Amino acid sequence: MRESVQAVQAEVMMSFLVSEELSFRIPVELEYESCDPYAVRLTFHLPGDAPVTWAFGRELLIDGVGRPCGEGDVRVSPVEPDVLGEVLIRLQVGGDQALFRSSAAPLVAFLDRTDKVVPLGQEGALADFDAHLDEALNRILAEEQNAG
């Protein structure tokens, strides 16, 4: 019998920093599900555009609240070192990047709630990746055999 999926959701207002002179506040939905225990999803509601969802490691967000973290597409860092005040989240696709600024408090509250669902370090006990991988591979192989 499978355990039911537990989810944590929150909405946080963040500043979308277009340039040094221009920024605007947007709602950002934060989501965490026990069926994908390593990831958090942030859905950005940019004016005039369809919502955009980014998924990245929960641990990156946890670490990034206190110190600069991340390489590549997602980077999270405190605005001021050693101060739990505001956090910058930088998302990059190719040469384009988007920069968001959030108060740390709602992020910490959200992350605390995710820790109650799946304690940090216990993700592996919940995520049966081998079984999911075998299941996915068997499905792919069956589809290839049926197609050919």
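**Reading the sheet and its core**

Trainee: What joins strand 6 to strand 7, and which way do they run?

Mentor: Eight bridges join strand 6 to strand 7, and the two run antiparallel. This is a predicted model. Two strands count as paired when there are at least two bridges between them, so with eight bridges strand 6 and strand 7 pair.

Trainee: What lies between the strands in the hairpin of strand 6 and strand 7?

Mentor: Two residues lie between them, and in this hairpin glycine 94 takes a positive phi near 60 degrees.

Trainee: How do you know that strand 1 and strand 7 pair as well?

Mentor: Three bridges are found between strand 1 and strand 7, in the antiparallel sense. The requirement is at least two bridges, so three are enough. Here phenylalanine 16 stands opposite phenylalanine 100 in strand 7.

Trainee: And what makes strand 1 and strand 2 a pair?

Mentor: They share 11 bridges in the antiparallel sense, and since pairing asks for at least two, they count as a pair. Alanine 7 stands opposite glutamate 33 in strand 2, and a hairpin of five residues joins strand 1 to strand 2.

Trainee: How many bridges join strand 2 to strand 3?

Mentor: Four, again with the strands running antiparallel. Glutamate 29 stands opposite threonine 43 in strand 3. The hairpin from strand 2 to strand 3 passes through five residues.

Trainee: Which residue is the bridge partner of leucine 42 in strand 4?

Mentor: Tryptophan 54. Strand 3 (residues 39–44) and strand 4 pair over six bridges, in the antiparallel sense.

Trainee: What is the order of the strands in the whole sheet?

Mentor: The order is 4-3-2-1-7-6-5 in an open sheet of seven strands, with antiparallel pairing.

Trainee: Why are strand 4 and strand 5 called edge strands?

Mentor: Strand 4 (52–57) and strand 5 (74–78) each pair on one side only.

Trainee: Which residues have the most contacts inside the largest nonpolar core?

Mentor: Met14, Leu42, Phe44, Ile89 and Phe100, in a core of 31 residues. Strand 1 gives the most to this core, with five residues. In soluble globular proteins, nonpolar side chains tend to be buried together.

Trainee: What is methionine 14 in contact with, leaving aside its neighbours within four places in sequence?

Mentor: Its contacts include Leu42, Phe44, Ile89 and Phe100. Among the others are Val28 and Leu107.

Trainee: How is serine 34 classed, buried or exposed?

Mentor: At 7% relative accessibility, serine 34 is under the 20% limit, so it counts as buried. Serine 34 lies in the loop between strand 2 and strand 3, and its side chain reaches the backbone nitrogen of glutamine 6 at 2.7 Å.

Trainee: And how do you know whether glycine 121 is buried or exposed?

Mentor: Its relative accessible area is 59%. Exposed means over 50%, so glycine 121 is exposed. Glycine 121 sits in the loop between helix 2 and helix 3 (123–126). Glycine 121 and proline 37 are 84 residues apart in sequence and 9.9 Å apart in space, C-alpha to C-alpha.

Trainee: How much of the protein chain is buried?

Mentor: Buried residues make up 31% of its 148 residues.

Methods:
Residues are numbered from 1 along each chain as its sequence is written. This is a predicted model: local features need pLDDT of at least 70, side-chain atom pairs count only at pLDDT 80 or more; totals for chains, interfaces and linings use all residues. Side-chain values use heavy atoms; hydrogens and water are left out. Buried means under 20% relative accessible area, exposed over 50%, partly exposed in between (1.4 Å probe, protein chains only). A polar contact is a pair of N or O atoms within 3.5 Å; within protein, one must be able to donate a hydrogen and the other to accept it, and residues adjacent in sequence count only if both atoms are side-chain atoms. A nonpolar core is a set of buried Ala, Val, Leu, Ile, Met, Phe, Trp, Tyr and Cys residues joined through side-chain atoms within 4.5 Å. Contact means heavy atoms within 4.5 Å.
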